[in-house]
Amino acid sequence: MHMLNLGILAHVDAGKTSLTERLLHSAGVIDEIGSVDDGNTRTDTLALERQRGITIKSAVVSFPLDGVTVNLIDTPGHPDFIAEVERVLGVLDGVVLVISAVEGVQAQTRVLMRTLQRLRIPTLLFVNKIDRSGARHDGVLREVAARLTPAIVPMGTATGLGTRAARFVPSPGPAAGALDVLTGHDDALLAAYVENTVTDPLLYGSLVAQTREALVHPVYFGSAATGAGVAALLSGIETLLPAAEGDADGPVSATVFKVDRGPAGEKVAYARMFSGTLRTRDRVPFGTDGAEGRVTGISVFGHGTDTRADSVAAGRIARITGLGDIRIGDAIGEPRKAYEHFFAPPTLETVVVPGPGVDRGALHLALTQLAEQDPLIGLRRDERRQETSVSLYGEVQKEVIQATLAEEYGLDVTFRETTPLCVERPVGTGKAVEFNKKDPNPFLATVGLRVDPAPVGSGVGFRLEVELGSMPYAFFKAVEDTVREALDQGLHGWQVTDCVVTMTHSGYSPRQSHAHQGFDKSMSSTGADFRGVTPLVLIEALRRAGTRVHEPVHRFRIEAPADTLGALLPVLAQLAAVPETTRNRDDVCVLEGTVPAARVHALEQRLPGLTRGEGELESSFAHYAPVTHGTIPERPRTDHNPLNRKEYLLNVTRRAGG
């Protein structure tokens, strides 16, 4: 039987989890359909998900169709949890993108569709809630064609819109208008059309081929609440989407897209097998640092649940235990490709404040475990202040972290005000050097560094202008590793990026020992000497180069009634937003521009009141821009502070002279 790994994606509240429940019921996996409102759905297993009625963590559940076993992955719809969606995309064979027949195409719908198109993931569209008051058919199709993609093929029509009797009537063949869409990518079909020899099988065959290549997108209408249209959608899932590929006899290659912890605290990796067969007790490499582990348990998904198995073959998804240091995005066996980020990293940060009686060690452990499950949620530990910061996508995510810590770990916390995550970029070129055995350098190491600006987006480069053989390789490695670590905190405390650091001087004291005695550390260079002096040299080079703080900026798109523009523009100016284009579409105004990431939440809160509740905001990270207003934001340092030489030396070494 073929396998299909299917994702269900949508804007929040479009009915994605309800559709998942209906698909499972229609396939005979569950006897009773769960309700998001009642908190008893199959895939929303977290207590917080049940309480809030939103999906936070992706969940896997399996069901059989006639010729296909479907591993269905329900994903979050709220934009604050876009990282959870990102990890799933790389393991999917196809997607059902859910759209509300009432609200139509929404901001997150557009974000998801753009990504699906960029990744060429075959996608069916399901227009849900045709039984709800205000449901539309032709209007939604026009919105989809205008705001998502014109390459759509309606697979039937909806009747009785807005009533419990609403139904989806599948077309006997591809619907009218399908020929125009399909001939754009099929020369054989175009030739048949010119010769008037088009047949329904030829048309349908072209639809199947182009859907599987993500060139066109079939559209179904229906209702997860009543079941209307679901049978037609299931038929489309089975016949139009491609089956999972992979050679079960090839080398083992899998990708981890989710990490949980089992009842005993053990790590459980959710992995998609792309090649080979993995067996219990197999010893396999994983991750990027060459670690190895022994697989102690495998569970595969089937008929609504996961069951223990001795092995898992290519094409399937499994829960794997035994790989203790596994992380999301890691490859198991042979890497398939570098793990990509399809969405921008978090641009906000907040400090977690423990409540009365909360043990800071327990809090740090709990946050570490949460970060393991979500690698784009970074932790930053300040040992001196005994504080931990977390990076975020938005305020809802902060609420979820707070509730998760309370319910799963019994830890009561609050948060400080959310601040933007800035970066620093060098303004010019700066050089510095510390020589071995010359005051004021207390380290047995010579290190010279030059910092040069690099193109935006290039990250950090490290180069040598000294002979690689001039000293042991381990010392060069110590310098490079320390440079990269030290650049996490620049002159203002922010990560330094888009620069090239060149090592211009090197030198060391060879290994020496007294007669009839062992190695004398006080006379011979060690890696600690190079790790100790490098931050001092680097920070001095940065001082001479100068750095400029850049804040994250989002690109926004607002659709609002045209008559609310007068009230909207002054507020945008107050929030430092810069409208760049304005255009009218009927009685709707579309504004596009940029806004500092720190002001996005305020814009989200104020938009409904300014637009009678009809305004729609779509925003995503665009770039970093120099901070030009107010004081330059500073970030408290968490290292030994090489900006203060005396303090640094007291903290780092006992060899400091004087």
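Phe 257, Tyr 270 and Phe 301 form one aromatic cluster. Rings of Phe, Tyr and Trp (its six-membered ring) count as a pair if their centres lie within 6.5 Å; planes under 30 degrees apart are called stacked, over 60 edge-to-face, and the rest tilted. The structure is a predicted model, in which local features need pLDDT of at least 70 and side-chain atom pairs count only at pLDDT 80 or more, while totals for chains, interfaces and linings use all residues. Residues are numbered from 1 along each chain as its sequence is written, and side-chain values use heavy atoms, with hydrogens and water left out.

**Rings and charges**

A search of the whole structure finds 6 aromatic pairs. In one of them, Phe 475 and Phe 530 are stacked, at 4.6 Å centre to centre with 20° between the planes. Phe 475 belongs to helix H12 (residues 473-486) and Phe 530 to helix H13 (residues 527-545), so this pair ties together parts that are 55 residues apart in sequence. Helices (H or I, at least four residues) and strands (E, at least two) are DSSP runs, numbered from the N terminus. Both Phe 475 and Phe 530 are buried; buried means under 20% relative accessible area, exposed over 50%, and partly exposed in between (1.4 Å probe, protein chains only).

The table lists charged ends that sit over rings, a term that requires NZ of Lys or CZ of Arg within 6 Å of the ring centre and within 35 degrees of the ring normal.

| Charged residue | Ring | Distance to ring centre |
|---|---|---|
| Lys 258 | Tyr 270 | 4.9 Å |
| Lys 438 | Phe 435 | 5.1 Å |

**The sheet and its helices**

Four strands form an open sheet with mixed pairing, in the order S26-S27-S30-S28. Two strands pair if DSSP finds at least two bridges between them. Strand S26 (430-434) and strand S28 (460-464) stand at the edges with a single partner strand each, so one side of each has no neighbour in the sheet. Strands S27 (residues 445-453) and S30 (residues 499-508) pair in the antiparallel sense over 9 bridges. Within S30, Val 500 is the bridge partner of Asp 452.

Helix H12 packs on the sheet, where it touches S27, S28 and S30, and its direction makes about 155° with that of S28. Helix H13 also packs on the sheet, touching S26, S27 and S30, and its direction makes about 35° with that of S27. Contact means heavy atoms within 4.5 Å. Axes are lines fitted to C-alpha atoms, for helices over the stretch in contact, and angles run from 0 to 180 degrees between N-to-C directions.
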